[in-house]
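Visitor: I am new to this structure. Please take me through a few side-chain contacts and how to read them.

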Amino acid sequence: MRQIKIAPSILAYDLGNLREGLEIASRGGADQIHLDVIDGRFAPNITFGPGTIKALRPRSKIKFDTHLMISDPRLYVDRFIEAGSDLLTFQAEALDAAVFDLLHAVVHSKKKEMGLALKPETQLPAWAEERLDRLSTLLLLTVNPGFSGQKMDVSVFPKIEKLSRLVAEKGLEIDIEVDGGIDEENVHEVVARGGNVLVAGAGVYGRPDPVRAIGGLRERAATAAEGRGGS
Ligand code: DX5
Ligand code: ZN
């Protein structure tokens, strides 16, 4: 079983005080901070960009998990690397094989990790399956991209199972990151299906005690992972 990792999504915190949101994630023992970048074109919201990420970088050593929901990541990949992202996850819908190869060359040359994200309705494209070994992360959205606080779309569950099985069959150590509507009540269902990186926005920052919420998610996820046993 791949290691369980908790990734609070800072989009759910007070956007005027992201520094505090980052501190909360560190204090709660989160494994990585999930940074949702949306450009108003790929999805109907505008969040923050490389300048904000760069300003946060000196504040913490935590892994920066940058989820790029932008239409043309070629234009900005360098800036997000330079800002201090450790993992750069691109939406498959915004790529094709050639763009993937170009982005991978850039990310790899800077010794950063690359992830690929799929909207709830998107299946893994053939070009991506052929390139799975270049990824550290497959991110499966369980909400439509745009906003924190949406309800988890459980119709994505079979895809989580299918892709975690595919990754295991190929003998790859890819994280299966699940993003959207995760909370203490449903995290076990995600882990039972093979998710191991658990993004939570409202499920952490929307709680009265976000530090405790991180611990609560980890506990429940760990119990579910034991149940799954070694797979
Ligand atoms: C949606 C984002 C998610 C979102 C998660 O566009 O990719 O990361 O912020 O927030 P919750 O956990 O509240 O659904
Ligand atoms: Zn996200």
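Visitor: Is Glu-129 buried, exposed or partly exposed?

Guide: Buried means under 20% relative accessible area, exposed means over 50%, and partly exposed is in between (1.4 Å probe, protein chains only). Glu-129 has a relative accessible area of 33%, so Glu-129 is partly exposed. This is a predicted model, in which local features need pLDDT of at least 70 and side-chain atom pairs count only at pLDDT 80 or more, while totals for chains, interfaces and linings use all residues. Side-chain values use heavy atoms, without hydrogens and water, residues are numbered from 1 along each chain as its sequence is written, and chains are lettered from A and ligands numbered from 1 in the order in which they are written.

Visitor: Which residue forms a salt bridge with Glu-129?

Guide: Side chains of opposite charge can pair when their charged atoms come close. A salt bridge here is a side-chain nitrogen of Lys or Arg within 4 Å of a carboxyl oxygen of Asp or Glu. For Glu-129 the partner is Lys-170, with the closest N and O atoms 3.8 Å apart. The pair links distant parts of the chain, 41 residues apart: Glu-129 is in helix H5, and Lys-170 is in the loop between helix H6 (157-169) and strand E7 (175-179). Helices (H or I, at least four residues) and strands (E, at least two) are DSSP runs, numbered from the N terminus. Lys-170 is partly exposed, at 40% relative accessibility.

Visitor: How many salt bridges does the structure hold?

Guide: There are 14. One of them joins the side chains of Asp-101 and Arg-131, at 2.7 Å from N to O. Asp-101 belongs to helix H4 (residues 97-109), and Arg-131, 30 residues apart from it, to the loop between helix H5 (126-129) and strand E6 (137-141). Asp-101 is partly exposed at 29%, whereas Arg-131 is buried at 12%.
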